[in-house]
Amino acid sequence: MTEILETPKLVTVFGGSGFVGRHLVRALAKRGYRIRVACRRPDLAGHLQPLGNVGQIQAVQANLRVRWSVDRAVEGADHVVNLVGILHESGRQSFAAVQDFGARAVAEAARAAGAGLTHMSALGADAKSESIYAQTKARGEKAVLETVKGATIVRPSIVFGPEDGFFNRFANMARYSPVLPLIGGGNTRFQPVYVGDVAEAIARSVDGAVPGGQVYELGGPRVMTFRECLEEMLEVIDRKRILAPVPWWMARIQGSLLGLLPNPMLTSDQVTLLEADNVVSDEAEKAGRTLAAFGVRPQSTAAILPTYLWRYRAAGQFTHKSEA
């Protein structure tokens with residue numbers, strides 16, 4: 001009798017070419033899934049091909065603002081993951097279009113295809129927040145759970161890893177500036193979570209490892225203030241810099257001005273976000289809706305930061321372990 005081989009399940013990943021996406025694609029590929037990476041510029045997603053076997057990873061064009069492209073990307077999928085989010089608005093890429101309308105579009109497409117759904121939101125999502133980013137993240141979550149009741153939502157704190165936009169940005173700034181800014185005095189609390197841990201948790205949600213219809217909050221093993229994050233980063237790159245507190249009123253002015261740039265380092269909406277802590281809630285901890293629910297043991301900044309911030313150390317002071 002001829003053995004019938006079961007075709008591996010197909011997972012569509014919106015935003016799969018981004019920071020979290022490339023780590024998720026790797027985790028899904030290792031599990032043997034077929035992966036359809038839906039992104040605005042599939043021609044720039046070639047770096048994902050080596051993460052899987054020949055033909056296992058396919059990039060397709062999709063834009064969350066264009067509904068038919070979303071439906072096409074989801075067609076035939078067994079599970080859908082939406083990682084798309086923006087930190088600042090640019091042209092038609094508004095918070096409402098991407099994080100609210102876009103989230104609903106993906107959820108409706110997943111429901112029509114009969115596919116499971118995992119949606120990545122963010123800690124701080126709050127419909128009552130003064131931040132438009134936080135408001136639209138909350139509206140996106142609501143749209144997802146109203147449309148696909150069994151969907152899994154994950155809310156990571158600030159995500160760190162080789163391509164992150166936080167530690168890398170400040171480490172690069174420290175190469176040229178003797179002063180680093182502490183927005184609002186640097187007392188805002190974060191719970192930095194490693195990108196590999198976030199990707200593994202999402203991959204396990206695709207596996208069906210956790211109950212759907214719930215919101216999971218993902219944080220690392222240590223709660224750190226903004227100041228402590230910069231202090232640890234400076235220790236890793238072995239540089240001494242002045243950490244200068246910037247009052248909230250001044251930060252808002254800076255955010256308003258910098259926000260006019262094409263790729264701003266700071267916006268007024270981000271300043272508003274920084275006024276609230278970004279840590280896993282007591283409610284989520286008590287309910288067990290954290291990384292622990294996925295069986296993932298979070299890795300610390302102390303263990304991971306040296307593996308990629310080494311490039312920012314003063315010349316001649318450090319030899320990367322792969323070059324030793």
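A salt bridge here is a side-chain nitrogen of Lys or Arg within 4 Å of a carboxyl oxygen of Asp or Glu. By this rule the count comes to 15 salt bridges.

**Model and confidence**

This is a predicted model, in which local features need pLDDT of at least 70, side-chain atom pairs count only at pLDDT 80 or more, and totals for chains, interfaces and linings use all residues. Residues are numbered from 1 along each chain as its sequence is written, and side-chain values use heavy atoms, with hydrogens and water left out.

pLDDT is the predictor's confidence in each residue, from 0 to 100. Its mean over the protein chain is 92. It reaches 70 or more in 95% of the residues. Residues 316–324 stay under 50. For that stretch the model has eight contacts (heavy atoms within 4.5 Å) beyond four places in sequence.

Helices (H or I, at least four residues) and strands (E, at least two) are DSSP runs, numbered from the N terminus. Accessibility is relative accessible area: buried means under 20%, exposed over 50%, partly exposed in between (1.4 Å probe, protein chains only).

| Salt bridge | N to O distance |
|---|---|
| Arg31 and Asp207 | 2.7 Å |
| Glu108 and Arg67 | 2.6 Å |
| Arg252 and Glu275 | 3.2 Å |

Take Arg31 and Asp207, which form a salt bridge. Arg31 sits in the loop between helix H1 (19–30) and strand E2 (34–39), and Asp207 in helix H6 (residues 195–207), so the pair ties together parts 176 residues apart in sequence. Arg31 is partly exposed, at 31% relative accessible area. Asp207 is partly exposed too, at 40%.

This pair also belongs to a network. Salt bridges link Arg31, Glu200, Arg204 and Asp207.

Next come Glu108 and Arg67, whose side chains meet in a salt bridge. Glu108 lies in helix H3 (residues 95–113) and Arg67 in helix H2 (residues 67–74), so this pair ties together parts 41 residues apart in sequence. Glu108 has a relative accessible area of 23% and is partly exposed. Arg67, at 30%, counts as partly exposed.

The side chains of Arg252 and Glu275 also meet in a salt bridge. Arg252 is in helix H8 (residues 248–258). Glu275 is in the loop between helix H9 (268–274) and helix H10 (282–287). The pair links distant parts of the chain, 23 residues apart. Arg252 is partly exposed, at 36% relative accessible area. Glu275 counts as partly exposed at 41%.
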